[in-house]
Amino acid sequence: MKKDNSMKVMRTFFIQFMWSFMISFLVILFFNTVVPLFFTGFSEFDFKEFQITATFYCAILIYSMFVAFGAKCGSVYFDLFTIFSVSRNRIMRTINITNVILTISGSAILNLLLLMHDIPDRGLFLIMITLSIYLILNFLNFIAFLGKLFGWYYIVGTFVLLAAFILFAINYIGGFIQMGLFMTEIILFFTVAAAGFFYINNFILSKRYEYKN
Amino acid sequence: MNPTKLSVKNITYYYDKFKALNNMSFNLEENQIMGLIGRNGSGKTTLLKVIAHQLLQSNGEIIIDQKNFIQSIDNHKQICLARETLGKTFEMTEVMKLKMIFDLAANLYEYWDRDYAQYLIKRFKLGTNKKYNKISKGMKTTVGIIIGLASRAPITLFDEPYVGLDPVSREIFYAELQKDYSQNPRTFIISSHLINELEGMFERVLIIDEGEIIIDSPIDALKDRYYLLQGRKASIESYRSHFKVMNTEIIGSLASYSIEGPLNEQIMRQMKTDEIDISMISLQKLLYYLTNGGENNEER
């Protein structure tokens with residue numbers, strides 16, 4: 001008997017997806033670090049500065065790659081598995097494991113990047129970043145399911161409004177985090193919200209979704 | 001390969017308020033080829049998609065090997081639904097090459113036969129470096145056929161596996177299906193409109209109309225139930241009490257009656273003595289009469 005290969009398939013998807021991001025990363029990095037040297041002269045090249053910029057772009061791109069991949073899991077890859085009659089439980093198990101792997105890797109990368117800066121309460125940041133990534137991934141799965149179930153136009157509109165609200169609130173939340181205020185409440189909110197989306201995705205929305213195309 | 005039995009129990013499915021499948025039930029023994037026949041919109045594709053767990057029934061159960069499909073996490077290993085298209089997801093994905101699709105299938109189907117898939121790719125002359133959204137309709141159907149055959153899934157479902165196919169490719173498909181079935185017996189359900197081409201392969205037939213089963217029977221049993229009588233009208237009319245008439249065609253004193261029996265041996269001998277020719281009604285004609293397609297439908 002062959003073992004279950006859903007995770008192997010997901011890994012293949014991720015590697016394909018990663019290549020396009022890596023190419024974008026190299027192009028952006030090239031334009032922001034090497035191209036200016038043509039104007040200022042190559043003697044101006046500072047390896048340390050290059051290292052910081054490269055790490056910064058790499059972190060941002062990896063983070064966006066994980067988020068985009070998380071969104072794709074709930075939308076495109078869920079469909080692909082459904083076409084091959086993979087059971088909803090198996091698909092969700094694969095997506096959940098992927099979310100955990102993305103969260104741990106994303107959090108590790110960002111926290112390693114933060115080691116370059118002097119930050120108090122690193123442990124707290126580690127928890128916050130880990131929880132926030134996990135929340136974002138589950139939230140994106142949730143949005144993907146809503147889009148598939150109720151139509152993308154409606155969902156995109158709602159999502160834009162929600163994004164506007166988040167951008168509006170992020171200053172306050174960022175401020176609170178910087179000042180170390182309401183940390184317990186924020187961590188509790190992230191945990192409860194992630195658990196809520198996890199429950200809704202796994203036990204309600206994924207059980208209702210049908211592949212009608 | 002595990003022996004598999006499929007039970008469809010009281011399946012009802014709604015598209016919004018439209019009832020596409022109405023309390024449908026049937027059993028399928030292992031290693032049979034079943035023809036799923038019906039008019040456009042009768043519910044064939046819906047039924048196959050429900051069995052393949054792509055659509056979720058409003059009521060009822062799909063049982064494979066005594067296990068409920070939804071409750072069993074690994075039942076997907078038993079089923080492969082091959083359609084004329086893999087759907088929008090594949091159509092819209094720019095980078096999806098045929099090679100990637102076959103690799104995906106190889107990873108997800110438990111009994112996938114790589115060598116056989118390669119053989120079929122060559123047999124159908126399919127270039128695996130082509131992108132799925134750029135190939136013709138017939139080639140998309142071929143992709144479905146290759147996935148269906150090479151999956152070696154104990155329950156393989158083909159939904160109209162001839163759409164866009166040229167006659168040569170159709171013949172290759174029929175030949176490969178028969179060859180593979182004889183070498184690797186398993187359960188096939190084939191939905192089709194080209195009944196005359198596939199009729200000889202079916203061991204069992206399920207005729208559906210408006211989401212309900214009209215006939216669920218082994219093909220041999222149909223031969224003992226539905227007949228075409230041809231002879232003098234008066235002679236045939238004299239046996240009128242022994243059968244139900246589905247359709248009549250009269251040319252002068254000669255008539256052709258499509259009837260529902262059964263007819264016993266004695267009556268059949270008498271009919272032959274009265275120069276009435278008795279033959280089997282083709283499945284296509286049967287579908288035509290049973291779904292109210294016949295203009296002279298007398299008793300239905």
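Me: Which pattern does chain A follow, read along the sequence?

Reply: Chain A reads α-α-α-α-α-α, with helices (H or I, at least four residues) and strands (E, at least two) taken as DSSP runs numbered from the N terminus. Chain A has 6 helices and 0 strands. The model is predicted: local features need pLDDT of at least 70 and side-chain atom pairs pLDDT 80 or more, while totals for chains, interfaces and linings use all residues. Residues are numbered from 1 along each chain as its sequence is written, chains are lettered from A and ligands numbered from 1 in the order written, and side-chain values use heavy atoms, without hydrogens and water.

Me: How many helices and strands are there in chain B?

Reply: Chain B contains 11 helices and 14 strands. Its C-alpha trace spans about 70 × 40 × 35 Å along the principal axes.

Me: What percentage of the residues in chain A is buried?

Reply: Buried means under 20% relative accessible area, with a 1.4 Å probe and protein chains only. In chain A, 42% of the 213 residues are buried; in chain B, 57% of 300 are.

Me: How far apart are the mean positions of the positive and negative charges of chain A?

Reply: Lys and Arg count as positive, Asp and Glu as negative, with His and the chain ends not counted; each charge is placed at NZ of Lys, CZ of Arg, CG of Asp or CD of Glu. For chain A, the mean positions of 14 positive and 9 negative charges lie 21 Å apart. Chain B has 37 positive and 38 negative side chains, with centres 6 Å apart.

Conventions: Buried means under 20% relative accessible area, exposed over 50%, partly exposed in between (1.4 Å probe, protein chains only).
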